[in-house]
Amino acid sequence: MNKPLRRVSAFCLALVLVLMVWATWIQGAKASDYREDPHNPRVNIAKYSAPLGNILVGGQPITGSAATSSSLAYKRTYKDGPLYAPVTGFSSQIFGSTQLESLYGGLLGGSDSRLQNPADTLLHERPKGGDVATTIDPKVQKAGYEALGGKTGAAIALDPATGRILGMVSTPSYDPGKFAGSSTADQKAWQSLTNDAGQPNLNRALRQPLPPGSTFKLVVAAAALENGLYSSVDQPTTSPDPYTLPNTRTQLTNESASAPCENATIRTALQYSCNTVFAKMAVDLGKDKVRAQAEKFGFNDATMDVPVRATKSVYPKDMDQAQTALSGIGQFDDQATPLQMAMVASAIANGGDLKAPQLVDKLTDGGGNTVQQNDPKTYRTAMSSRTAAQLRSAMQTVVDKGTGSNAKIDGVTVGGKTGTAQHGVDNSGTPYAWFVSYADDGKGHQVAVAVMVEDGHAARNEVSGNGLAAPIAKAMMQAALS
(Lines give C-alpha, C1' and ligand atoms only; values in the text may rest on other atoms or scores of the structure.)
Protein backbone atom coordinates (compact mmCIF):
# COMPACT_ATOMS: atom_id res chain seq x y z
CA MET A 1 0.00 0.00 0.00
CA ASN A 2 1.47 3.30 -1.00
CA LYS A 3 1.99 6.12 1.48
CA PRO A 4 -0.95 8.39 0.41
CA LEU A 5 -3.36 5.46 0.62
CA ARG A 6 -2.11 4.55 4.10
CA ARG A 7 -2.73 8.12 5.24
CA VAL A 8 -6.28 8.09 3.87
CA SER A 9 -6.93 4.72 5.56
CA ALA A 10 -5.55 5.96 8.86
CA PHE A 11 -7.66 9.12 8.65
CA CYS A 12 -10.81 7.08 7.93
CA LEU A 13 -10.04 4.76 10.82
CA ALA A 14 -9.59 7.75 13.11
CA LEU A 15 -12.97 9.13 12.02
CA VAL A 16 -14.61 5.76 12.77
CA LEU A 17 -12.97 5.70 16.21
CA VAL A 18 -14.12 9.27 16.94
CA LEU A 19 -17.65 8.38 15.85
CA MET A 20 -17.65 5.31 18.11
CA VAL A 21 -16.39 7.34 21.07
CA TRP A 22 -18.99 10.04 20.42
CA ALA A 23 -21.81 7.47 20.13
CA THR A 24 -20.68 5.83 23.36
CA TRP A 25 -20.59 9.22 25.08
CA ILE A 26 -24.07 10.13 23.86
CA GLN A 27 -25.64 6.77 24.70
CA GLY A 28 -23.81 6.33 27.97
CA ALA A 29 -22.61 9.36 29.89
CA LYS A 30 -25.11 11.82 28.36
CA ALA A 31 -28.11 9.51 28.15
CA SER A 32 -29.63 10.65 31.43
CA ASP A 33 -29.23 14.33 30.47
CA TYR A 34 -31.16 13.80 27.26
CA ARG A 35 -33.80 11.73 29.02
CA GLU A 36 -34.39 14.57 31.49
CA ASP A 37 -34.03 17.47 29.07
CA PRO A 38 -37.38 19.38 29.14
CA HIS A 39 -36.99 20.10 25.41
CA ASN A 40 -37.08 16.38 24.68
CA PRO A 41 -40.75 15.64 23.83
CA ARG A 42 -40.34 12.10 25.14
CA VAL A 43 -39.84 13.52 28.63
CA ASN A 44 -43.34 15.00 28.65
CA ILE A 45 -44.85 11.97 26.94
CA ALA A 46 -43.40 9.73 29.64
CA LYS A 47 -44.30 12.12 32.48
CA TYR A 48 -47.93 12.42 31.44
CA SER A 49 -48.37 8.81 30.29
CA ALA A 50 -49.94 7.88 33.63
CA PRO A 51 -51.54 9.72 36.57
CA LEU A 52 -49.05 11.81 38.52
CA GLY A 53 -48.43 11.41 42.22
CA ASN A 54 -50.03 14.02 44.45
CA ILE A 55 -49.21 16.94 46.71
CA LEU A 56 -50.88 16.48 50.09
CA VAL A 57 -52.21 18.95 52.65
CA GLY A 58 -53.39 17.54 55.95
CA GLY A 59 -52.95 14.08 54.49
CA GLN A 60 -55.39 14.77 51.64
CA PRO A 61 -54.48 15.34 47.97
CA ILE A 62 -54.92 18.87 46.64
CA THR A 63 -53.83 17.73 43.17
CA GLY A 64 -55.03 15.02 40.80
CA SER A 65 -54.79 13.83 37.19
CA ALA A 66 -57.39 13.74 34.41
CA ALA A 67 -57.33 11.69 31.20
CA THR A 68 -56.98 13.59 27.91
CA SER A 69 -57.44 12.70 24.25
CA SER A 70 -53.96 13.93 23.22
CA SER A 71 -50.60 12.15 23.02
CA LEU A 72 -50.05 13.33 26.59
CA ALA A 73 -52.49 10.91 28.18
CA TYR A 74 -53.02 12.75 31.49
CA LYS A 75 -52.92 16.34 32.69
CA ARG A 76 -52.61 17.81 36.16
CA THR A 77 -55.71 18.94 38.07
CA TYR A 78 -55.98 21.05 41.22
CA LYS A 79 -58.39 21.22 44.13
CA ASP A 80 -58.83 24.78 45.44
CA GLY A 81 -56.17 25.91 42.97
CA PRO A 82 -55.98 29.62 43.94
CA LEU A 83 -55.86 28.76 47.64
CA TYR A 84 -52.86 26.44 47.29
CA ALA A 85 -51.07 27.82 44.20
CA PRO A 86 -48.35 29.51 46.35
CA VAL A 87 -47.66 26.06 47.83
CA THR A 88 -47.90 23.77 44.81
CA GLY A 89 -46.79 25.96 41.93
CA PHE A 90 -48.02 24.55 38.62
CA SER A 91 -47.41 21.64 36.26
CA SER A 92 -48.35 22.39 32.67
CA GLN A 93 -48.00 20.19 29.59
CA ILE A 94 -46.84 23.25 27.62
CA PHE A 95 -45.37 25.75 30.06
CA GLY A 96 -43.37 23.50 32.37
CA SER A 97 -43.60 23.50 36.15
CA THR A 98 -42.69 25.56 39.21
CA GLN A 99 -42.19 25.20 42.95
CA LEU A 100 -43.05 21.79 44.47
CA GLU A 101 -44.35 20.55 41.12
CA SER A 102 -40.94 21.28 39.64
CA LEU A 103 -38.66 20.36 42.54
CA TYR A 104 -40.33 16.97 42.96
CA GLY A 105 -41.30 16.42 39.32
CA GLY A 106 -39.30 13.20 39.17
CA LEU A 107 -40.95 11.77 42.26
CA LEU A 108 -44.46 12.82 41.20
CA GLY A 109 -43.92 11.52 37.66
CA GLY A 110 -42.34 8.23 38.66
CA SER A 111 -38.83 8.82 37.28
CA ASP A 112 -37.12 9.29 40.67
CA SER A 113 -34.66 6.41 41.19
CA ARG A 114 -35.81 6.05 44.80
CA LEU A 115 -39.16 4.75 43.57
CA GLN A 116 -37.72 1.82 41.60
CA ASN A 117 -37.81 -1.72 42.93
CA PRO A 118 -35.87 -4.63 41.40
CA ALA A 119 -38.87 -5.69 39.27
CA ASP A 120 -39.21 -2.21 37.77
CA THR A 121 -35.52 -2.18 36.92
CA LEU A 122 -35.62 -5.64 35.37
CA LEU A 123 -38.73 -4.99 33.28
CA HIS A 124 -37.76 -1.38 32.44
CA GLU A 125 -41.13 -0.18 33.76
CA ARG A 126 -41.79 3.29 35.11
CA PRO A 127 -42.89 3.13 38.77
CA LYS A 128 -46.10 4.72 40.00
CA GLY A 129 -45.57 8.37 40.98
CA GLY A 130 -44.93 9.19 44.63
CA ASP A 131 -46.54 11.82 46.85
CA VAL A 132 -45.27 15.01 48.50
CA ALA A 133 -46.75 15.57 51.98
CA THR A 134 -46.57 19.25 52.94
CA THR A 135 -46.50 20.82 56.40
CA ILE A 136 -49.46 23.09 55.57
CA ASP A 137 -52.40 23.14 57.99
CA PRO A 138 -55.53 23.56 55.83
CA LYS A 139 -57.28 25.60 58.54
CA VAL A 140 -54.42 28.09 58.73
CA GLN A 141 -54.11 28.34 54.94
CA LYS A 142 -57.81 29.00 54.48
CA ALA A 143 -57.94 31.53 57.33
CA GLY A 144 -55.09 33.55 55.83
CA TYR A 145 -56.50 33.42 52.31
CA GLU A 146 -59.96 34.53 53.37
CA ALA A 147 -58.61 37.27 55.64
CA LEU A 148 -56.44 38.72 52.87
CA GLY A 149 -59.49 38.67 50.62
CA GLY A 150 -59.16 41.06 47.69
CA LYS A 151 -56.04 42.75 49.04
CA THR A 152 -52.61 42.45 47.46
CA GLY A 153 -50.25 40.88 49.94
CA ALA A 154 -48.91 37.77 51.59
CA ALA A 155 -48.95 35.96 54.90
CA ILE A 156 -46.94 33.09 56.30
CA ALA A 157 -47.27 31.13 59.54
CA LEU A 158 -44.54 29.01 61.16
CA ASP A 159 -44.42 26.54 64.01
CA PRO A 160 -41.52 28.02 66.06
CA ALA A 161 -40.60 24.67 67.63
CA THR A 162 -40.16 22.82 64.32
CA GLY A 163 -39.95 25.40 61.53
CA ARG A 164 -42.93 23.80 59.78
CA ILE A 165 -44.73 26.22 57.48
CA LEU A 166 -48.37 26.01 58.55
CA GLY A 167 -49.74 28.53 56.06
CA MET A 168 -48.34 30.35 53.04
CA VAL A 169 -50.72 32.69 51.26
CA SER A 170 -50.16 35.13 48.40
CA THR A 171 -52.83 37.30 46.81
CA PRO A 172 -53.97 37.86 44.17
CA SER A 173 -53.59 34.20 43.26
CA TYR A 174 -54.34 32.05 40.22
CA ASP A 175 -55.75 28.65 39.29
CA PRO A 176 -52.92 26.43 37.96
CA GLY A 177 -55.48 24.00 36.54
CA LYS A 178 -56.57 26.49 33.87
CA PHE A 179 -53.38 26.03 31.83
CA ALA A 180 -52.33 22.51 32.84
CA GLY A 181 -53.26 21.05 29.44
CA SER A 182 -52.33 21.86 25.85
CA SER A 183 -55.58 23.22 24.38
CA THR A 184 -56.18 26.67 22.97
CA ALA A 185 -58.08 27.54 26.15
CA ASP A 186 -55.03 26.61 28.23
CA GLN A 187 -52.82 28.84 26.11
CA LYS A 188 -55.24 31.76 26.44
CA ALA A 189 -55.38 31.28 30.21
CA TRP A 190 -51.57 31.34 30.38
CA GLN A 191 -51.42 34.50 28.30
CA SER A 192 -53.97 36.16 30.55
CA LEU A 193 -51.98 35.19 33.64
CA THR A 194 -48.65 36.45 32.35
CA ASN A 195 -50.20 39.75 31.16
CA ASP A 196 -51.93 40.44 34.49
CA ALA A 197 -50.42 43.57 36.05
CA GLY A 198 -51.27 42.23 39.51
CA GLN A 199 -48.71 39.43 39.08
CA PRO A 200 -50.87 36.65 40.55
CA ASN A 201 -48.15 34.10 39.72
CA LEU A 202 -45.66 35.88 42.02
CA ASN A 203 -45.27 34.12 45.36
CA ARG A 204 -45.12 37.24 47.49
CA ALA A 205 -44.56 35.25 50.70
CA LEU A 206 -41.18 33.98 49.46
CA ARG A 207 -40.14 36.14 46.55
CA GLN A 208 -41.11 39.76 47.08
CA PRO A 209 -38.73 41.50 49.47
CA LEU A 210 -39.96 44.95 50.51
CA PRO A 211 -38.96 47.51 53.15
CA PRO A 212 -40.01 45.92 56.48
CA GLY A 213 -40.68 49.26 58.16
CA SER A 214 -41.03 49.25 61.92
CA THR A 215 -41.12 45.46 62.19
CA PHE A 216 -37.33 45.64 61.74
CA LYS A 217 -37.12 47.43 65.11
CA LEU A 218 -37.28 43.95 66.67
CA VAL A 219 -33.96 43.13 65.01
CA VAL A 220 -32.37 46.34 66.30
CA ALA A 221 -33.75 45.71 69.79
CA ALA A 222 -32.27 42.20 69.73
CA ALA A 223 -28.89 43.64 68.68
CA ALA A 224 -28.98 46.22 71.48
CA LEU A 225 -29.70 43.58 74.14
CA GLU A 226 -27.25 41.01 72.74
CA ASN A 227 -24.42 43.54 72.52
CA GLY A 228 -25.02 45.00 75.97
CA LEU A 229 -25.99 48.47 74.76
CA TYR A 230 -28.96 48.15 77.11
CA SER A 231 -29.40 45.58 79.86
CA SER A 232 -33.16 45.13 79.54
CA VAL A 233 -36.21 46.31 77.66
CA ASP A 234 -37.09 48.44 80.70
CA GLN A 235 -33.86 50.44 80.88
CA PRO A 236 -34.24 54.03 79.59
CA THR A 237 -32.39 54.71 76.35
CA THR A 238 -30.49 57.79 75.30
CA SER A 239 -32.86 59.02 72.60
CA PRO A 240 -33.64 62.65 71.78
CA ASP A 241 -36.99 63.54 70.21
CA PRO A 242 -36.74 64.69 67.48
CA TYR A 243 -33.48 63.06 66.42
CA THR A 244 -31.19 64.81 63.95
CA LEU A 245 -29.68 62.33 61.53
CA PRO A 246 -25.88 62.31 61.88
CA ASN A 247 -23.99 64.79 59.70
CA THR A 248 -27.24 66.25 58.35
CA ARG A 249 -29.82 68.86 59.27
CA THR A 250 -32.65 66.38 58.77
CA GLN A 251 -34.77 65.81 61.82
CA LEU A 252 -36.43 62.44 62.28
CA THR A 253 -39.74 62.55 64.11
CA ASN A 254 -42.33 60.06 65.32
CA GLU A 255 -45.77 59.23 63.96
CA SER A 256 -47.38 60.72 67.06
CA ALA A 257 -45.92 63.93 68.46
CA SER A 258 -47.45 63.11 71.84
CA ALA A 259 -45.87 59.65 72.12
CA PRO A 260 -43.44 59.40 75.09
CA CYS A 261 -40.43 58.60 72.91
CA GLU A 262 -37.72 60.83 74.43
CA ASN A 263 -35.29 58.52 76.28
CA ALA A 264 -37.96 55.81 76.16
CA THR A 265 -37.29 52.24 77.20
CA ILE A 266 -37.24 49.58 74.48
CA ARG A 267 -40.63 48.36 75.75
CA THR A 268 -42.19 51.81 75.42
CA ALA A 269 -40.43 52.45 72.12
CA LEU A 270 -41.90 49.26 70.67
CA GLN A 271 -45.30 50.04 72.17
CA TYR A 272 -45.43 53.44 70.47
CA SER A 273 -43.16 52.46 67.55
CA CYS A 274 -40.73 55.30 68.24
CA ASN A 275 -38.61 55.99 65.15
CA THR A 276 -36.22 58.25 67.06
CA VAL A 277 -35.28 55.56 69.58
CA PHE A 278 -34.38 52.84 67.09
CA ALA A 279 -32.68 55.15 64.59
CA LYS A 280 -30.40 56.42 67.35
CA MET A 281 -29.95 52.86 68.66
CA ALA A 282 -28.80 51.63 65.24
CA VAL A 283 -26.23 54.43 65.04
CA ASP A 284 -24.99 53.73 68.59
CA LEU A 285 -24.56 50.04 67.75
CA GLY A 286 -23.06 50.66 64.33
CA LYS A 287 -24.05 49.06 61.05
CA ASP A 288 -21.79 46.02 61.52
CA LYS A 289 -23.41 44.90 64.77
CA VAL A 290 -26.90 45.44 63.43
CA ARG A 291 -26.00 43.52 60.27
CA ALA A 292 -24.53 40.65 62.31
CA GLN A 293 -27.77 40.38 64.26
CA ALA A 294 -29.88 40.58 61.10
CA GLU A 295 -27.87 37.78 59.52
CA LYS A 296 -28.50 35.56 62.54
CA PHE A 297 -32.18 35.83 61.60
CA GLY A 298 -31.46 34.98 57.95
CA PHE A 299 -30.90 38.32 56.24
CA ASN A 300 -28.36 38.30 53.38
CA ASP A 301 -28.72 34.54 52.92
CA ALA A 302 -29.08 33.85 49.19
CA THR A 303 -29.55 30.09 49.71
CA MET A 304 -32.77 30.02 51.73
CA ASP A 305 -34.61 26.91 50.52
CA VAL A 306 -37.87 25.71 52.09
CA PRO A 307 -37.26 23.72 49.73
CA VAL A 308 -38.53 26.33 47.24
CA ARG A 309 -35.82 29.00 46.94
CA ALA A 310 -36.77 32.25 48.69
CA THR A 311 -35.48 35.60 47.49
CA LYS A 312 -32.70 37.02 49.67
CA SER A 313 -33.72 39.53 52.32
CA VAL A 314 -31.20 42.34 52.58
CA TYR A 315 -29.61 44.40 55.31
CA PRO A 316 -27.14 46.67 53.46
CA LYS A 317 -23.41 46.86 54.13
CA ASP A 318 -22.21 50.19 52.74
CA MET A 319 -23.95 52.96 54.69
CA ASP A 320 -23.02 56.20 56.39
CA GLN A 321 -24.42 57.00 59.82
CA ALA A 322 -27.53 58.77 58.55
CA GLN A 323 -28.34 55.79 56.34
CA THR A 324 -27.67 53.44 59.26
CA ALA A 325 -30.20 55.41 61.29
CA LEU A 326 -32.86 54.99 58.59
CA SER A 327 -32.01 51.30 58.25
CA GLY A 328 -32.72 50.96 61.98
CA ILE A 329 -36.38 51.72 61.34
CA GLY A 330 -36.64 49.36 58.37
CA GLN A 331 -36.18 51.97 55.68
CA PHE A 332 -33.25 53.07 53.46
CA ASP A 333 -32.28 49.88 51.54
CA ASP A 334 -33.64 47.29 53.99
CA GLN A 335 -35.57 44.54 52.19
CA ALA A 336 -37.42 41.59 53.73
CA THR A 337 -39.81 38.89 52.59
CA PRO A 338 -42.75 37.85 54.76
CA LEU A 339 -40.88 34.56 55.30
CA GLN A 340 -37.92 36.46 56.71
CA MET A 341 -40.01 38.47 59.16
CA ALA A 342 -41.87 35.33 60.23
CA MET A 343 -38.45 33.85 61.02
CA VAL A 344 -37.70 36.84 63.27
CA ALA A 345 -40.93 36.29 65.20
CA SER A 346 -40.33 32.53 65.29
CA ALA A 347 -36.87 32.88 66.83
CA ILE A 348 -38.21 35.21 69.52
CA ALA A 349 -41.08 32.82 70.30
CA ASN A 350 -38.75 29.80 70.46
CA GLY A 351 -36.31 31.18 72.99
CA GLY A 352 -33.76 32.35 70.44
CA ASP A 353 -33.44 29.00 68.64
CA LEU A 354 -34.40 29.62 65.01
CA LYS A 355 -35.57 26.48 63.24
CA ALA A 356 -35.06 26.19 59.48
CA PRO A 357 -38.42 26.81 57.78
CA GLN A 358 -39.69 23.82 55.83
CA LEU A 359 -42.70 23.26 53.58
CA VAL A 360 -42.38 19.49 53.02
CA ASP A 361 -42.91 16.95 55.78
CA LYS A 362 -42.08 13.77 53.84
CA LEU A 363 -41.91 12.09 50.45
CA THR A 364 -43.54 8.72 49.84
CA ASP A 365 -43.53 6.20 47.00
CA GLY A 366 -46.59 4.99 45.10
CA GLY A 367 -47.35 2.51 47.87
CA GLY A 368 -47.24 5.08 50.66
CA ASN A 369 -43.81 4.06 51.96
CA THR A 370 -41.62 6.92 53.18
CA VAL A 371 -38.59 7.60 50.99
CA GLN A 372 -37.56 10.83 52.76
CA GLN A 373 -38.57 12.30 56.13
CA ASN A 374 -37.71 15.93 56.88
CA ASP A 375 -36.98 16.36 60.59
CA PRO A 376 -36.67 19.78 62.29
CA LYS A 377 -33.28 21.46 61.96
CA THR A 378 -31.83 24.47 63.73
CA TYR A 379 -31.00 27.24 61.27
CA ARG A 380 -29.08 29.42 63.72
CA THR A 381 -29.12 30.52 67.34
CA ALA A 382 -30.43 34.02 66.78
CA MET A 383 -30.13 35.30 70.36
CA SER A 384 -29.94 34.20 73.97
CA SER A 385 -33.00 32.85 75.71
CA ARG A 386 -32.94 35.88 78.02
CA THR A 387 -33.05 38.31 75.10
CA ALA A 388 -35.88 36.33 73.52
CA ALA A 389 -37.87 36.42 76.77
CA GLN A 390 -37.35 40.18 77.05
CA LEU A 391 -38.59 40.74 73.50
CA ARG A 392 -41.60 38.46 73.98
CA SER A 393 -42.59 40.51 76.99
CA ALA A 394 -42.21 43.79 75.08
CA MET A 395 -44.16 42.43 72.10
CA GLN A 396 -46.99 41.47 74.47
CA THR A 397 -47.12 45.10 75.59
CA VAL A 398 -47.48 46.16 71.93
CA VAL A 399 -50.61 44.02 71.61
CA ASP A 400 -52.05 44.63 75.08
CA LYS A 401 -51.45 48.38 75.30
CA GLY A 402 -49.90 49.59 72.05
CA THR A 403 -50.24 49.66 68.28
CA GLY A 404 -51.05 45.95 67.83
CA SER A 405 -54.40 45.74 69.62
CA ASN A 406 -56.22 44.14 66.67
CA ALA A 407 -54.25 40.93 67.19
CA LYS A 408 -55.61 40.20 70.67
CA ILE A 409 -57.02 36.70 71.19
CA ASP A 410 -58.95 35.89 74.37
CA GLY A 411 -57.20 33.33 76.54
CA VAL A 412 -54.02 33.36 74.43
CA THR A 413 -50.75 35.19 74.97
CA VAL A 414 -50.06 37.28 71.87
CA GLY A 415 -47.07 39.46 71.09
CA GLY A 416 -46.64 41.54 67.96
CA LYS A 417 -45.09 44.46 66.15
CA THR A 418 -46.68 46.70 63.55
CA GLY A 419 -44.93 48.30 60.60
CA THR A 420 -45.82 50.84 57.95
CA ALA A 421 -43.10 51.01 55.31
CA GLN A 422 -42.92 54.02 53.03
CA HIS A 423 -42.04 53.78 49.35
CA GLY A 424 -42.10 55.76 46.14
CA VAL A 425 -40.38 59.03 45.20
CA ASP A 426 -40.48 61.24 48.31
CA ASN A 427 -42.62 58.51 49.91
CA SER A 428 -45.46 59.31 47.51
CA GLY A 429 -46.62 55.70 47.15
CA THR A 430 -49.19 54.02 49.36
CA PRO A 431 -47.23 52.52 52.30
CA TYR A 432 -46.87 48.80 52.89
CA ALA A 433 -48.62 47.54 56.02
CA TRP A 434 -46.77 44.90 58.06
CA PHE A 435 -47.51 42.89 61.16
CA VAL A 436 -45.34 40.22 62.78
CA SER A 437 -46.49 38.27 65.78
CA TYR A 438 -46.45 35.12 67.86
CA ALA A 439 -49.15 33.42 69.90
CA ASP A 440 -48.86 30.91 72.76
CA ASP A 441 -51.90 29.06 74.11
CA GLY A 442 -50.09 28.04 77.31
CA LYS A 443 -50.59 24.37 76.46
CA GLY A 444 -47.38 23.84 74.49
CA HIS A 445 -48.61 25.21 71.17
CA GLN A 446 -47.15 28.28 69.49
CA VAL A 447 -47.32 29.95 66.11
CA ALA A 448 -45.39 32.82 64.52
CA VAL A 449 -46.88 34.89 61.71
CA ALA A 450 -45.82 37.65 59.33
CA VAL A 451 -48.26 39.57 57.16
CA MET A 452 -47.56 42.14 54.47
CA VAL A 453 -50.34 44.08 52.73
CA GLU A 454 -49.43 45.98 49.59
CA ASP A 455 -52.79 47.58 48.91
CA GLY A 456 -52.50 50.38 46.39
CA HIS A 457 -56.25 50.96 46.50
CA ALA A 458 -56.37 51.89 50.17
CA ALA A 459 -56.42 55.52 51.24
CA ARG A 460 -52.98 56.53 52.49
CA ASN A 461 -54.27 57.61 55.90
CA GLU A 462 -55.99 54.22 56.34
CA VAL A 463 -52.83 52.15 55.90
CA SER A 464 -51.42 50.74 59.13
CA GLY A 465 -50.04 47.46 60.32
CA ASN A 466 -52.67 47.27 63.04
CA GLY A 467 -55.56 48.19 60.76
CA LEU A 468 -54.78 46.10 57.67
CA ALA A 469 -52.32 43.37 58.64
CA ALA A 470 -52.99 42.51 62.30
CA PRO A 471 -56.51 41.07 61.70
CA ILE A 472 -55.03 38.70 59.10
CA ALA A 473 -52.36 37.54 61.54
CA LYS A 474 -55.01 37.07 64.22
CA ALA A 475 -57.10 34.86 61.93
CA MET A 476 -54.12 32.63 61.15
CA MET A 477 -53.01 32.42 64.78
CA GLN A 478 -56.52 31.45 65.91
CA ALA A 479 -56.72 28.76 63.25
CA ALA A 480 -53.29 27.36 64.19
CA LEU A 481 -54.16 27.10 67.89
CA SER A 482 -57.74 25.88 67.49
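How many cavities of 30 Å³ or more does the count come to?

1. Basis. In this predicted model, local features need pLDDT of at least 70 and side-chain atom pairs count only at pLDDT 80 or more, while totals for chains, interfaces and linings use all residues. Residues are numbered from 1 along each chain as its sequence is written, and side-chain values use heavy atoms, with hydrogens and water left out.

2. Cavity. The count comes to one cavity of 30 Å³ or more. A cavity is a set of points, on a 1 Å grid over the protein atoms alone, where a 1.4 Å probe fits but cannot get out; lining residues have an atom within 4 Å of a point. Grid points are joined across faces, edges and corners, and the volume is the space filled by probe spheres set on them. The largest cavity holds about 50 Å³ of space. Its lining comprises G298, D301, M304, A310, T311, K312, S313, T337, L339, Q340 and M343.

3. Aromatic pairs. The whole structure contains seven aromatic pairs, defined as rings of Phe, Tyr and Trp (its six-membered ring) with centres within 6.5 Å; planes under 30 degrees apart count as stacked, over 60 as edge-to-face and the rest as tilted. F90 and W190 are edge-to-face, because their ring centres lie 5.5 Å apart with the planes at 70°. This pair links distant parts of the chain, 100 residues apart: F90 is in the loop between α4 (81-88) and β5 (91-92), and W190 is in helix α9 (residues 184-195). Helices (H or I, at least four residues) and strands (E, at least two) are DSSP runs, numbered from the N terminus.

4. Aromatic cluster. Y174 and F179 form a stacked pair, 6.1 Å centre to centre with 25° between the planes. One aromatic cluster is formed by F90, F95, Y174, F179 and W190. Of these residues, F90 is buried at 6% relative accessibility and W190 at 19%; Y174 and F179 are buried as well. Buried means under 20% relative accessible area, exposed over 50%, and partly exposed in between (1.4 Å probe, protein chains only).

5. S170. This residue lies in strand β9 (residues 165-171) and is buried, at 3% relative accessibility. A polar atom of the S170 side chain lies 3.1 Å from the backbone oxygen of L202, and one lies 3.0 Å from the backbone nitrogen of R204. Beyond its neighbours within four places in sequence, S170 is in contact (heavy atoms within 4.5 Å) with P86, G153, A154, L202, N203, R204 and A205.

Terms used: A polar contact is a pair of N or O atoms within 3.5 Å; within protein, one must be able to donate a hydrogen and the other to accept it, and residues adjacent in sequence count only if both atoms are side-chain atoms. On a 1 Å grid over the protein atoms alone, a cavity is a set of points where a 1.4 Å probe fits but cannot get out, and a pocket is an open set with protein on both sides within 12 Å along at least five of seven lines; lining residues have an atom within 4 Å of a point.
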